[in-house]
Amino acid sequence: MRFEDQVIYPHPVLRPDVEDYKDGDFEVVLKYWASPEHSFVEISAQYHLSVPELLHLVKLEKISVGLLVDCRDTFYRKVLPLGFGQRENIIIDGGQLHGKVELVPIIYAVTQIIAFTSQDFAEEFKGLQFDLEPGDLVAYGEPEEFYLEREFFKPLESIISLSTIEDKTGFQWDISLDEDQIKIEVSQELSQYIQSARNSSSHRVILINSLYFSALQTAVCFIQREPNIEVKWANVIRQKCLYTPGLDIQKEEPHLIVQRLLEFPIERLSKSVFNGNS
């Protein structure tokens, strides 16, 4: 099935941004979350359909409403049925999904339908009748996507790695975002200091508020410039933003996003290093 707006179907299809129908709507409210340790994924869905002729065919079980779940990383691609007029809770084994997961609400014919027509057809289709075959797409809603990475359940610093560059000197460091992890590139001397700091809880808090915070802020800026980037570190950040109430990665300032994702690390710095004293 193809869902691009530019696709020309041999019959009217109720879909976003294309006016094959005058006033009809097909909307689905989706919620999704993963269990601890990613053992299963639960998707909650409830749809609203306002075209009377399509609703009639749903009740007659001649067309079906479903949710296409597509995960290219694991080759999982299934259409899961959505019940009429009720919220559907779908459970999927966590091992079936990994990386980018796309959800597309669809309505499709399950039997042959002769001479389908609707009073809500756009002017160009007014008065016309169409024969539909099983599997023909009748409507689809706005696709949604989310990301599932094992690192989501670990501290955010787990997506950061340290890389020692032999010909690098001094205390200047750089960031590479080309691989699955955010790579902080440092000299041998600086690497030794950082490795030592990691072994102390108070020193580690300083690292989070300085080196790691800056690296994550740079990464968030990159996602905002390149929202379609698909590497593991970006998927984890997007997923953590998705599960943080009221946090929109494309609207908030990067430094505010990182503060919330790290659970306001300056507070930990104050308590562990400054003992809460001004």
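Me: What does buried mean here?
Reply: Happy to start there! In this predicted model, a residue is called buried when its relative accessible area is under 20%. Phe121 has a relative accessibility of 2%, so Phe121 counts as buried.

Me: How many aromatic pairs does the count come to?
Reply: Two rings pair if their centres lie within 6.5 Å. By this rule, the count of aromatic pairs is nine.

Me: Which kind of pair do the rings of Tyr21 and Phe121 form?
Reply: Planes over 60 degrees apart count as edge-to-face. The ring centres of Tyr21 and Phe121 are 5.3 Å apart and the planes stand at 70°, so this pair is edge-to-face.

Me: How many residues apart in sequence are the parts that this pair ties together?
Reply: Tyr21 sits in the segment before β1 (26-34), while Phe121 belongs to the loop between β7 and β8. The pair therefore ties together parts whose separation in sequence is 100 residues.

Me: What is the side chain of opposite charge nearest to Asp120?
Reply: Asp120 is in the loop between β7 (113-116) and β8 (130-132). A salt bridge needs the charged atoms within 4 Å, and Asp120, though buried, has none. At 5.2 Å away, the nearest side chain of opposite charge is Lys22.

Me: Which residue has a backbone nitrogen that the side chain of Asp120 reaches?
Reply: Setting aside neighbours within four places in sequence, Asp120 has contacts including Tyr21, Gly24 and Val51. The backbone nitrogen that the Asp120 side chain reaches, at 3.0 Å, belongs to Asp23.

Key. Residues numbered from 1 in each chain as written. Predicted model: local features only at pLDDT ≥ 70, side-chain atom pairs only at ≥ 80, totals over all residues. Heavy atoms only, no water. Helix = DSSP H or I, 4+ residues; strand = E, 2+ residues; numbered from the N terminus. Buried < 20%, exposed > 50% of the residue type's maximum accessible area, 1.4 Å probe, protein only. Lys, Arg positive; Asp, Glu negative; His and termini not counted. Polar contact = N/O pair within 3.5 Å; in protein donor to acceptor, adjacent residues only side chain to side chain. Contact = heavy atoms within 4.5 Å. Phe/Tyr/Trp six-rings, centres within 6.5 Å; stacked < 30°, edge-to-face > 60°.
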